[in-house]
Amino acid sequence: MNITTFQEKLAEKGISLSPRQLQQFEDYFHILVEWNEKMNLTAITDKEEVYLKHFYDSLSATFYFDFNQELTVCDVGAGAGFPGIPLKICFPQIKLSICDSLQKRITFLEHLSKKLELTDISLYHDRAETFGHRPDIREAYDLVMARAVARMSVLSELCLPLVKKGGHFLAMKGSQLPDEMKDSKKAVQMLGGSVKDVYSFKLPVENSDRYIVLVDKVKTTPKKYPRKPGTPNKNPLS
């Protein structure tokens, strides 16, 4: 996906990018490739693939959830900043927090945020399992997101404790999602969630399957969740 197609495809969905925002995406690409030579941030470095599989894919969340509002958003396991940073570029009014378990990725995101002149970003070096128990963080966010981090049942345990009652959890998933949904229903309910919608679409150009799962937070999450680091992955709720 070249820059023109990126711009056009987003415009079709009601997102018009200013020259400054287009430049921020260009700068993001160059900084990502530069830092990727020093540390493993992504296997995708071809420009058209970055625009499609990282930038456009990250922004697909906006096709099914309204980001044109004041929101506190937490991106769990953002890695090189996806989906949080592309969303912040397009919707600068959101207050974004990013949690990642590797300090080197947080260092990259600090540098990136500064270079792109992004404000209202909080970066946390932490495991999601312990992050979710911080009194200042727990059940504090309007929206918590994760993109292809883990199975749906595991993601629910990592993300739902961070969502305020009345807020939302949005999971961005690939072709494996239908199988995962069957195993995650009980986990979502145990953690205080209720699946509102599951949206499916094809990523342009390569026509690969994508899913957006939107979960409403209807009850407070029991205090014992998330369990200690590593446990959700080894022994998923089911």
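**Entry 1: starting at R210**

I began with R210, which counts as buried because its relative accessibility is 17%. For this label, buried means under 20% relative accessible area, exposed means over 50%, and partly exposed is in between, using a 1.4 Å probe and protein chains only.

Before going on, I noted that this is a predicted model, where local features need pLDDT of at least 70, side-chain atom pairs count only at pLDDT 80 or more, and totals for chains, interfaces and linings use all residues. I also noted that residues are numbered from 1 along each chain as its sequence is written, and that side-chain values use heavy atoms, with hydrogens and water left out.

A salt bridge here is a side-chain nitrogen of Lys or Arg within 4 Å of a carboxyl oxygen of Asp or Glu. R210 lies in strand β7 and D57 in helix α3, so this pair ties together parts that are 153 residues apart in sequence. My helices (H or I, at least four residues) and strands (E, at least two) are DSSP runs, numbered from the N terminus. D57 is buried, as is R210.

R210 also forms a salt bridge with E206, with the closest N and O atoms 3.9 Å apart.

Next I followed E206, which is partly exposed because its relative accessible area is 35%. E206 forms a salt bridge with K53, and the closest N and O atoms are 3.4 Å apart. K53 sits in helix α3 and E206 in the loop between β6 and β7, so this pair too ties together parts that are 153 residues apart in sequence. By the salt-bridge rule, my count came to 17.

**Entry 2: S208 in the loop**

I moved to S208, found in the loop between β6 (193–202) and β7 (209–217). Is S208 buried or exposed? It counts as buried, because its relative accessibility is 18%.

The side chain of S208 makes a polar contact of 2.5 Å with that of E206, and another of 3.2 Å with that of R210. A polar contact is a pair of N or O atoms within 3.5 Å; within protein, one must be able to donate a hydrogen and the other to accept it, and residues adjacent in sequence count only if both atoms are side-chain atoms. Leaving out residues up to four places away in sequence, S208 touches F201, K202 and L203. Touching, or contact, means heavy atoms within 4.5 Å.

**Entry 3: the sheet**

I then traced the strands: an open sheet of 7 strands with mixed pairing runs in the order β3-β2-β1-β4-β5-β7-β6. Two strands pair if DSSP finds at least two bridges between them. β3 (121–125) and β6 stand at the edges with a single partner strand each, so one side of each is left without a neighbour in the sheet.

Looking at one pair, I saw that β5 (residues 163–173) and β7 are antiparallel over 6 bridges. The bridge partner of K173 in β7 is Y211.

Helix α3 (residues 47–59) lies across β4 (141–147), β5 and β7, and runs at about 150 degrees to β4. Axes are lines fitted to C-alpha atoms, for helices over the stretch in contact, and angles run from 0 to 180 degrees between N-to-C directions.

A reminder to myself: most residues other than glycine have a negative phi, and most peptide bonds are trans.

I found a cis peptide bond joining F82 and P83, with omega about 10 degrees. P83 is in the loop between β1 (72–76) and α4 (84–90). The bond from Y225 to P226 is cis as well, with omega near -5 degrees.

E117 is not a glycine, yet has a positive phi of about 55 degrees. E117 counts as exposed because its relative accessibility is 55%. D120 also has a positive phi of about 55 degrees without being a glycine, and is found in the loop between α5 and β3.
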